[in-house]
There are 2 protein chains.
Amino acid sequence: MVAHMNEEALANTVTSGEAWFYSRSRKKLWKKGESSGHTQRIVEMRVDCDQDAIWLRVEQIGAGACHTGRASCFYRAVPLKQPDLRGLMLEFRDAEKVFDPAAVYGGKGDAKK
Amino acid sequence: MVAHMNEEALANTVTSGEAWFYSRSRKKLWKKGESSGHTQRIVEMRVDCDQDAIWLRVEQIGAGACHTGRASCFYRAVPLKQPDLRGLMLEFRDAEKVFDPAAVYGGKGDAKK
């Protein structure tokens with residue numbers, strides 16, 4: 001998954017060892033898993049050369065990281081070297097549902113956004 | 001590494017199978033490795049659930065991906081569960097230089113930006 005951190009999310013992540021993010025659309029700090037219970041315990045946290053990107057290696061607590069019910073948000077592959085981009089169809093890969101989003105999020109809607 | 005794509009970079013990446021990006025600071029399309037020769041052949045390309053993030057698994061052609069001379073831009077780790085964030089020191093990890101940026105980029109400056 002990819003998400004944004006603000007200063008508070010970054011501080012919470014470093015001090016707690018669990019993943020916190022900031023929703024730019026909801027303008028709200030959120031702890032990963034606060035609705036689903038599917039939190040992320042950080043195994044390793046790295047920062048990139050110009051220190052504006054963070055890479056987290058995590059132990060996913062609970063079923064999956066994606067709000068669609070998959071283990072990962074990256075469950076579709078893009079076919080390469082296709083001449084016609086308009087006819088391009090994504091291919092599902094590692095796309096098995098590992099939890100039922102309706103049961104987990106209930107009436108709370110998409111808790112990830 | 002993390003970088004941005006615009007529509008043209010995305011199209012070039014899908015049709016060629018090599019990584020293209022768009023520099024927001026230089027307002028310029030760039031092919032990864034156009035200065036260094038360190039191109040990226042894409043092994044797998046995935047898109048995330050809401051289709052605004054792309055994950056590339058690549059064969060790095062040439063020495064390394066980072067403009068600092070490392071294999072990866074993520075060569076520093078953030079210590080976790082530290083109470084005092086101000087005293088926090090990053091730890092170098094997988095930080096060996098695999099090429100000499102001065103020799104590779106010469107007078108062309110930081111070709112990654």
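**Notes on the two-chain model**

1. Let's start with the sheets. β6(A)-β5(A)-β3(B)-β4(B) is the order of an open sheet of four strands, paired antiparallel. Its edge strands are β6 (91-92) of chain A and β4 (54-60) of chain B, and each of them pairs on one side only. A quick word on terms: strands count as paired if DSSP finds at least two bridges between them, while helices (H or I, at least four residues) and strands (E, at least two) are DSSP runs numbered from the N terminus.

2. Before going on, some ground rules. This is a predicted model, where local features need pLDDT of at least 70 and side-chain atom pairs count only at pLDDT 80 or more, though totals for chains, interfaces and linings use all residues. Residues are numbered from 1 along each chain as its sequence is written, chains are lettered from A and ligands numbered from 1 in the order in which they are written, and side-chain values use heavy atoms, with hydrogens and water left out.

3. Within that sheet, β5 (residues 76-77) of chain A pairs with β6(A) in the antiparallel sense, over two bridges. If you want a spot to look at, find Arg76(A), which sits opposite Phe92(A) of β6(A).

4. There is another open four-stranded sheet, ordered β4(A)-β3(A)-β5(B)-β6(B) and again antiparallel. β4 (54-60) of chain A and β6 (91-92) of chain B stand at its edges with a single partner strand each, so one side of each has no neighbour in the sheet. β3(A) and β4(A) are antiparallel and joined by seven bridges; Gln40(A) has Gln60(A) in β4(A) as its bridge partner.

5. As for the chain itself, chain A has two helices and six strands, and reads α-β-β-β-β-β-β-α along the sequence. Its C-alpha atoms fill a box of roughly 45 × 40 × 25 Å along the principal axes.

6. How do the two copies relate?

7. Now the interface. In contact terms (heavy atoms within 4.5 Å), 40 residues of chain B meet 39 residues of chain A. The chains bury about 3200 Å² between them, 63% of it on carbon and sulfur atoms; buried area here is the accessible area (1.4 Å probe) lost on putting two parts together, summed over both. Arg46(B), Cys49(B) and Phe74(B) supply 21% of what chain B buries against chain A, more than any other three residues.

8. Finally, a look at the second largest pocket. Its lining has 14 residues, and those closest to its centre are Leu10(A), Val14(A), Ile54(A), Val78(B) and Leu88(B). (A pocket is an open set of points on a 1 Å grid over the protein atoms alone, where a 1.4 Å probe fits, with protein on both sides within 12 Å along at least five of seven lines; lining residues have an atom within 4 Å of a point.) α1(A) gives the most to this lining, with four residues.
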